[in-house]
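Subject: Structure handover

Hi,

Here is the structure you asked about. My notes follow below it.

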Amino acid sequence: MGSVDIQRAGQDVGVDLAGVARLLADGTRAAFCLALLDGRAWTANELARYAGVAPSTATSHLNLLASGGLLVEERHGRHRYVRVADRRVVELIESLAALAPQRSARPRSLSASGRQQALARARLCYDHLAGTVALAITDAMVERGLLEWGPEPVLTDKGTLWLTDTGIAVPGGSRRPPVRACLDWTERRPHLAGAVGAALCAHALSAGWMTRIGTTRALIVTPAGRRAWHDHLGLPPADL
């Protein structure tokens, strides 16, 4: 099939897939989207500093991402913030990051190396946990029969009771799936997402089991969290 035929095929189904791909084909825009996976709203200046580009360059890229539907804008007084449009965009970015080839880029400083290691260990993936700690939690829940981890993950009856006993409240009345597998882009294995994953993350943060490292989306397990994960899921404190 020639390029003209391929373009015509895209028009026939009414989907401009190439348009979305072009938005993420730029390294700066891709970096912005990865940063915004922490679920927060960022200013253009914050993202410019994060990516090492001029504020005017950041604004141009953000305008493209917003007009393409990947980001939405929020205004508070004189300040303009952007955030990821919705969970579908989060899932798209995470899936593409997991498929992307790993680069063994040398960190520019010891602090950059520390940030990379912290993000790989535990981080926010929009509203749920990611990284090696999240995978350990998911594995422990499967081993204890709280989750059935197949092509379509399911929360078991035992898992429902465990959530109640642990004090984790999953909001009802939502069309969001209770359990979903999200491919971890640093570990290349799926971790727990969905309504249960979000509730677990929210509880871990509010109970002080985990806390943010500065203003990044990297997380650290607190001493109280190491005890809690061991008591509730049998995770060895040394592994956290």
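A41 is partly exposed, with a relative accessible area of 28%. On the scale used here, buried means under 20% relative accessible area, exposed means over 50%, and partly exposed lies in between (1.4 Å probe, protein chains only). A41 sits in the loop between α3 (27-35) and β1 (42-43). Helices (H or I, at least four residues) and strands (E, at least two) are DSSP runs, numbered from the N terminus. Leaving out residues up to four places away in sequence, A41 touches E46, E74, Y81, V82 and R83. A contact means heavy atoms within 4.5 Å. The C-alpha atoms of A41 and V72 are 9.3 Å apart, and the two residues are 31 residues apart along the chain.

Please keep the ground rules in mind. This is a predicted model, where local features need pLDDT of at least 70 and side-chain atom pairs count only at pLDDT 80 or more, while totals for chains, interfaces and linings use all residues. Residues are numbered from 1 along each chain as its sequence is written, and side-chain values use heavy atoms, with hydrogens and water left out.

**The chain overall**

The protein chain has 11 helices and 11 strands. Of its 240 residues, 36% count as buried. Among contacts with a separation of 6 or more, 54% are between residues 24 or more positions apart. The accessible surface comes to about 13,400 Å², and carbon and sulfur atoms hold 55% of that. Accessible areas come from the Shrake-Rupley method with a 1.4 Å probe; for residues, only the protein chains shown count as cover.

**Aromatic pairs**

There are two aromatic pairs in the structure. Rings of Phe, Tyr and Trp (its six-membered ring) pair if their centres lie within 6.5 Å; planes under 30 degrees apart count as stacked, over 60 as edge-to-face and the rest as tilted. W42 and Y50 have ring centres 5.7 Å apart and planes at 80°, so this pair is edge-to-face. W42 is buried, at 11% relative accessible area. Y50 is partly exposed, at 44%.

W209 and W229 make the other pair: their centres are 5.0 Å apart and their planes are at 75°, so they are edge-to-face. This pair links distant parts of the chain, 20 residues apart: W209 is in the loop between α10 (194-206) and β10 (210-212), and W229 is in helix α11 (residues 223-233). Both W209 and W229 are buried.

**Helix α10**

How many of the 13 residues of α10 are buried? The count is 10, so the helix is mostly covered. Among them are G194, L200, C201 and H203. The end C-alpha atoms of α10 are 18 Å apart, which agrees with the 18 Å that its 13 residues should span at 1.5 Å a residue. That expected span is 1.5 Å times one less than the number of residues. G208 follows α10 and has a positive phi, near 80°.

**Salt bridges**

Side chains of opposite charge can pair when their charged atoms come close. A search of the whole structure finds seven salt bridges. Each one is a side-chain nitrogen of Lys or Arg within 4 Å of a carboxyl oxygen of Asp or Glu.

- R180 pairs with E91, with the closest N and O atoms 3.3 Å apart. R180 lies in strand β8 (residues 180-183) and E91 in helix α6, so the pair ties together parts 89 residues apart in sequence. R180 is partly exposed at 22% relative accessibility, and E91 is partly exposed at 28%.
- R123 pairs with D184, with the closest N and O atoms 3.1 Å apart. R123 lies in strand β4 (residues 123-125) and D184 in the loop between β8 and β9 (190-193), so the pair ties together parts 61 residues apart in sequence. Both R123 and D184 are buried.
- R176 pairs with D127, with the closest N and O atoms 2.8 Å apart. R176 is buried, with a relative accessible area of 17%.

**Surface patch**

V20, L92, L96 and L99 form a nonpolar patch on the surface, with about 330 Å² of accessible area together. Patches are made of residues with over 30% relative accessible area and no salt bridge: like charges are joined within 9 Å, nonpolar side chains (Val, Leu, Ile, Met, Phe, Trp, Tyr) within 5 Å. Helix α6 (residues 87-99) gives the most to this patch, with three residues. L96 is found in α6 and is partly exposed, at 40% relative accessibility.

Best wishes
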